[in-house]
Amino acid sequence: MIGYLCKYAPIEILQSMGAEVSLIMPEAADYSRADVMMHPNICSFIKGVLETFSDGGYEGIVLTNCCDSTRRLYDLLKKEYPDKFIHMAEIPRNTGEEAAEFLADSAKKLADAWESRSGRRFRPSALADLLRKRAEDCAEKCMRDCSEISPEEADGEENSCGGCQREYRREDHPAYRDAYRPPSACGVGNEMSPIKVGLMGARCSRSVLDRIESYDIHVLFDMACTGVPRNFQLSGAFGDSGKSADSGRRAGRETAEDSAGLLKEYASQLLAQLPCMRMTDCSPREEYLKSYEDQLDGIIFHTVQFCDNYSYEYAALHGNLSVPIQKFETDATSQCEGQIRTRLEAFLESVAASKGLAAPQVVKKRKGERKKLNGKIHVLGIDSGSTSTNAVIMDGEQKIEAYAVVRTGAKSGDSAELVLKEVLQKASLTEEDIDLIVSTGYGRVSIPFADRNVTEISCHGKGAHYFNPSVRTVLDIGGQDSKAIRLNESGDVVDFVMNDKCAAGTGKFLEMMARTLEIDIEELGQESLRWKEDIDISSMCSVFAESEVISLIANNREKCDIAHGIHKSVANRSVSLMKRVGLEPGYMMTGGVAKNPGAVREIEEKLGEKLFICEEPEIVGATGAALFGLEELRDAKK
């Protein structure tokens, strides 16, 4: 098995010579090898490739000159695996005749290298046959997929074929005029779904794609660099007419001209793909996107952590696109699943809300019938967080009947059972009295008695609007993450950002600092209000910040001054997060840190405005979950 990473890699050369190839979509458990073998600044994707290649039983790999990290990977693999086939294919950064000649030469070098290793000779006719057969198979699939489409539909409707990449209505759009082959137009998912999204960015892992495809949505296109079908249709002498290479084969010989001509045609087809962000002219990406903009409800944009190329495209789209866009930044590890699920579900919930639709997700049903729809209604919202598990019982008139907050233990399910028992006891109800239970928070999918789950993003937005309809910007600082959420006048989520996979600026960060100062976490905020010397904690990383605090303690600085510096650091990080969604007045703070007077005061000073904080800021998410439950019951009653 020969692995490859890039859509421009000429791997059909190897396939025509009998090699088996596979696209490497890394998802490492950890970077145990990479952290030892590679420089810390090497990107997470390349580290993941190293881990996958080392574990996957690959005979070799074909890399391309995408970036410095890939070149470093090539140098390392050549050194560490001298017996394997490690090849670097040089790819041009533009298109045109000279670029095609350059890439054709690169493809010939790959063929020569594999011939030296395997002893198998490259034959132009074998490559032509491979490409022609693939095109024929695609055409056959196209005929099956499109056999029921009438000529009238083909002329005017939004029908297209992902097999052959032909689009009936858009044959004259700029991506075609510029000879770029666009991505699959049919996409995946339910074509009848009212929610239409596009996928953009770089190098989605299989789990990211699986997660996206698991929802009842229609992905109109996949512009990610691993999302394009490798269907290269030869034209002219090497196409359907079967001249040149075939005539040489029939004569018992294949000339150098056959090889050069076919390789150049093949290279032109590789370069005719929609350009990636490393190419000199990326304008067809924007033009292609515009051709879909009137149909899109949103864009899912995936990037590799610390990779700049696609971050530039995201920044441009975020400022200019007329539809919402959600960014996922992953590091090629399986531990990303949680953040992917939360961000994706929150995004789809907000898109659905903007269209007046229910969120596109699978609803879990309890055993037995729960929805009585008669008599007094009771719904329960439960927010399973990393630090606290919170529950709210609400009646049919949106009145909170009882709430409870318990500390989250080692198992989120056990904490959920505990808070359920406590809140039912406070409300003088039994579980059988509850019509619907909606869970939210990071542990929402681990609560067995919940009927459905909604992300904490949407729940905090709805809960904040319930407590104060004038709120437009919400800051939620929980135990393991911070979130900034912008709402419209109806309480729907307009935009949100999250700081996760890092404890800086969260409740865990403050707990760590309190332990270092030997102060109870409940007293840390009050201690900071007594400050006299203005101290800055410059490190954003929790570990480095702790080292700074230890140094300040060693220098005999006052605890109250250090605590003040800690809260300033939290405020700086929090307000920066809020600025990313837009500082629209009507500010609210939720989560356990909202009970910390030192943090609240520093954030208010940084904002220049007061924060609205409800009586119990830890139940805002659970309240939103209960409100979602009421909405579902009312919809079912109609």
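How many nonpolar, polar and charged residues are in the lining of the largest cavity? The close-up views below, taken from a predicted model, begin with that lining.

View 1. Sorted by class, the lining has 7 nonpolar, 4 polar and 2 charged residues.

**View 2. The largest nonpolar core.** The largest nonpolar core has 59 residues, and those with the most contacts inside it are Ile13, Val62, Phe221 and Ile299. Helix 5, spanning residues 97-118, gives the most to this core, contributing 8 residues.

View 3. In soluble globular proteins, nonpolar side chains tend to be buried together.

**View 4. Gln398, in a loop between two strands.** Gln398 lies in the loop that runs between strand 11 (388-395) and strand 12 (400-407), and its phi is near 65 degrees, a positive value in a residue other than glycine. Gln398 is partly exposed, with a relative accessible area of 32%.

**View 5. Glu518, in a loop between two helices.** Although Glu518 is not a glycine, it has a positive phi of about 60 degrees, and this residue lies in the loop between helix 17 (507-517) and helix 18 (521-528). With a relative accessible area of 68%, Glu518 is exposed.

Terms used:
Residues are numbered from 1 along each chain as its sequence is written. This is a predicted model: local features need pLDDT of at least 70, side-chain atom pairs count only at pLDDT 80 or more; totals for chains, interfaces and linings use all residues. Side-chain values use heavy atoms; hydrogens and water are left out. Ala, Val, Leu, Ile, Met, Phe, Trp, Tyr, Cys and Pro count as nonpolar, Asp, Glu, Lys and Arg as charged, and the others, Gly among them, as polar. A nonpolar core is a set of buried Ala, Val, Leu, Ile, Met, Phe, Trp, Tyr and Cys residues joined through side-chain atoms within 4.5 Å. Buried means under 20% relative accessible area, exposed over 50%, partly exposed in between (1.4 Å probe, protein chains only). Helices (H or I, at least four residues) and strands (E, at least two) are DSSP runs, numbered from the N terminus.
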